[in-house]
Amino acid sequence: MTEQNETVFIVDDDEAVRESLSFLLKSVDIQSQSFASGDEFLGAFKPEWEGCILLDIRMPGISGMEVQRRLVEQDCTLPIIFITGHGDIPMAVEAMHLGAHDFVQKPFHDQELLDRIQAALTARREIQDEVEQKRIVQQHYSTLTPRETEVMAAVAKGHANKVIAMDLELSQRTVEIHRARVMEKMQVRSLAELVKLAVLLDE
Amino acid sequence: MPHSARFPTLPACQAYGICLVATNPEQNSVPKFDVTAQMAVMNALIEAIVIMDDRGQIKRCNQAAIDMFGYTQDEIIGQDISILMPAPDSTNHSTYVDQYLRSGKAKIIGIGRELNARRKDGSIFPIHLAIGEVAYYDSIRFIGMMRDLTDNKKDEERKLRLHTDMITASRLTTMGEMAAAMAHEINQPLAAIANYASASERMLARGSDNIEDIKVALAHIKTQSHRAGDIIRRLRSFVKPDSVDLGPTKMNTIIDEIKPLAEVDAKANNISISFDVSTNLPEIIADQLQIQQVLLNLLRNGIDAMHENAPEDRHLELHCYIATPDTVRIDVIDQGHGISEEAGKKLFHPFFTTKATGMGMGLAISHTIVKSHSGALSFSNNLSGGATFSVMLPTKMANR
């Protein structure tokens with residue numbers, strides 16, 4: 001089962017394979033969109049697309065791996081599952097090194113393929129969630145004053161209020177006020193949570 | 001052979017001459033020659049000798065004739081010569097002799113020819129027969145000298161067998177090289193069938209409101225299994241056992257049948273392929289399978305030659321057209337590395353190859369096949385890069 005905006009993009013030169021895959025996905029309520037070549041897919045691709053890509057590694061014209069390379073160039077982060085034939089394993093391994101999410105070997109069992117598609121979609125959602133979370137944290141962080149930023153950095157390093165006060169030449173009381181404001185603006189309730197956000201912002 | 005061992009240096013023709021002279025014992029003008037020695041000479045010959053009179057009755061024969069035909073001296077002397085021949089020669093022979101005696105026109109005397117002879121046990125075997133004649137008092141005697149050709153024939157048959165075996169082996173090698181591409185091509189419909197079947201199962205498990213969808217899936221399954229079957233059928237027709245099957249064949253059929261195989265192979269190697277074949281090409285006299293083997297081999301070579309090419313330079317073409325009123329021409333044009341002068345000299349030699357994993361048999365065998373069809377196989381480098389291999393085959397009309 002997919003979320004509303006998620007689509008599996010099928011790129012395969014073989015019409016029968018394409019259509020049967022789309023039919024199989026439909027039987028488990030996954031919506032899909034098919035493309036007969038790498039060119040056709042790259043021409044239609046939009047950055048806002050969500051879901052994952054099912055990409056035949058061996059196609060006439062632009063190969064599956066070339067499609068992958070060009071998608072990376074376009075900052076596309078949709079997970080790619082390669083469909084490979086018997087002799088294509090070395091190619092598939094190389095594709096994995098270049099960031100492909102997974103590959104399935106033809107002929108595959110339907111459950112195997114569906115599991116991998118679900119795994120890719122889940123991975124995609126997690127990445128999306130992380131991206132979203134980071135965006136929110138960054139937004140909160142941007143509301144801090146320069147002084148509060150300094151205090152947050154020191155707190156995240158585990159320094160005690162007394163040490164921070166000395167380092168920043170402030171009264172301990174003032175540090176305490178700044179610290180409370182940081183916790184409030186970053187919407188955290190514990191030091192541990194604040195440290196986690198600091199790490200996230202560092203990434 | 002004990003007889004020849006005793007007279008190792010005596011050539012057959014001399015012995016033959018001696019026999020002729022010696023058969024007339026009552027003429028005083030001829031040199032004396034001991035009768036026992038005459039018999040020894042005759043018996044020493046490897047060739048069988050049978051002497052008959054003008055009515056076809058056997059008068060004498062040597063040991064080799066006894067060995068060859070399986071009769072004893074007693075059984076054979078006085079018999080009609082026709083007992084040594086299979087039908088229809090056995091019944092027609094007296095007519096031949098009569099004709100010759102009346103007209104003086106011989107069908108065989110002085111020429112020698114290959115024909116079949118018959119042993120006592122009825123078995124028939126090939127011989128070479130030479131016939132001489134000699135005056136004998138008022139009449140004529142014929143001397144027949146025969147050599148058993150059974151071993152020669154066996155040799156020829158063995159050579160022919162080896163030749164066809166080699167062609168078959170090469171065809172199987174070609175198929176082996178194409179196996180990966182074929183497996184991929186058969187996998188496609190199988191994958192589609194599996195997908196449709198699994199999807200239908202899931203739909204059925206969820207209830208019966210998807211009957212229309214499932215009907216569509218079943219129709220697809222049928223189409224796709226036929227597709228897989230077609231590929232296998234084509235492969236099978238190409239690996240069927242080796243029998244030379246020469247006959248009038250449509251050039252268009254030859255090409256139509258290999259087209260799908262070549263397309264699969266090209267696609268698997270990421271090469272585009274196009275066929276430019278004139279419609280209504282004349283018939284040729286050919287072994288269809290062998291000509292297809294040649295063309296597939298040339299196409300495979302073209303594919304192999306472009307392995308290093310960039311995607312936009314991977315194109316293979318086959319043109320087939322009437323070159324002269326008597327000749328059909330097929331050009332296989334690639335965009336590969338071309339043929340170096342050095343390689344060109346040895347291209348049709350067996351075991352010469354420029355491929356890393358090649359056996360070097362493909363072109364040598366193709367060359368042999370085309371030659372055995374009275375055709376020609378040639379090659380040239382293209383001005384724009386790559387090579388063109390051309391097969392020229394005489395049309396059926398030209399063969400007449």
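**The two chains and their elements**

Modeller: In this predicted model, 17 residues of chain A are in contact with 22 residues of chain B, where contact requires C-beta atoms, placed from the backbone, to lie within 7 Å.
Biologist: Which element gives the most to the side of chain A that touches chain B?
Modeller: Helix H1 of chain A does, with 7 residues. Helices (H or I, at least four residues) and strands (E, at least two) are DSSP runs, numbered from the N terminus.
Biologist: And what is that side like by class?
Modeller: The side of chain A that touches chain B has 8 nonpolar, 6 polar and 3 charged residues. Ala, Val, Leu, Ile, Met, Phe, Trp, Tyr, Cys and Pro count as nonpolar, Asp, Glu, Lys and Arg as charged, and the others, Gly among them, as polar.
Biologist: How are the residues and chains labelled?
Modeller: Residues are numbered from 1 along each chain as its sequence is written, chains are lettered from A and ligands numbered from 1 in the order in which they are written. As the model is predicted, local features need pLDDT of at least 70, side-chain atom pairs count only at pLDDT 80 or more, and totals for chains, interfaces and linings use all residues.
Biologist: Turning to chain B, what is the strand order in the open sheet?
Modeller: The order of its 5 strands is E2-E1-E5-E4-E3, with antiparallel pairing; two strands pair if DSSP finds at least two bridges between them. Strand E2 (58–61) and strand E3 (113–118) of chain B are the edge strands, each pairing on one side only.
Biologist: How many bridges join E1 to E5 there?
Modeller: Strand E1 (residues 48–53) and strand E5 (residues 139–148) of chain B are joined by 6 bridges. Within that pair, B:Ile51 stands opposite B:Ile143.
Biologist: Which strands does E1 of chain A pair with?
Modeller: Strand E1 (residues 6–11) of chain A pairs in the parallel sense with strand E3 (residues 50–56) of chain A over 6 bridges, and with strand E2 (residues 32–35) of chain A, also in the parallel sense, over 4 bridges.
Biologist: Where does the chain go between E1(A) and E2(A)?
Modeller: The chain passes through helix H1 (residues 15–27) of chain A, and this β-α-β crossover is right-handed: with the strands pointing away from the viewer, the path from the first strand over the helix to the second runs clockwise.

Notes:
Two residues are in contact if their C-beta atoms, placed from the backbone, lie within 7 Å.
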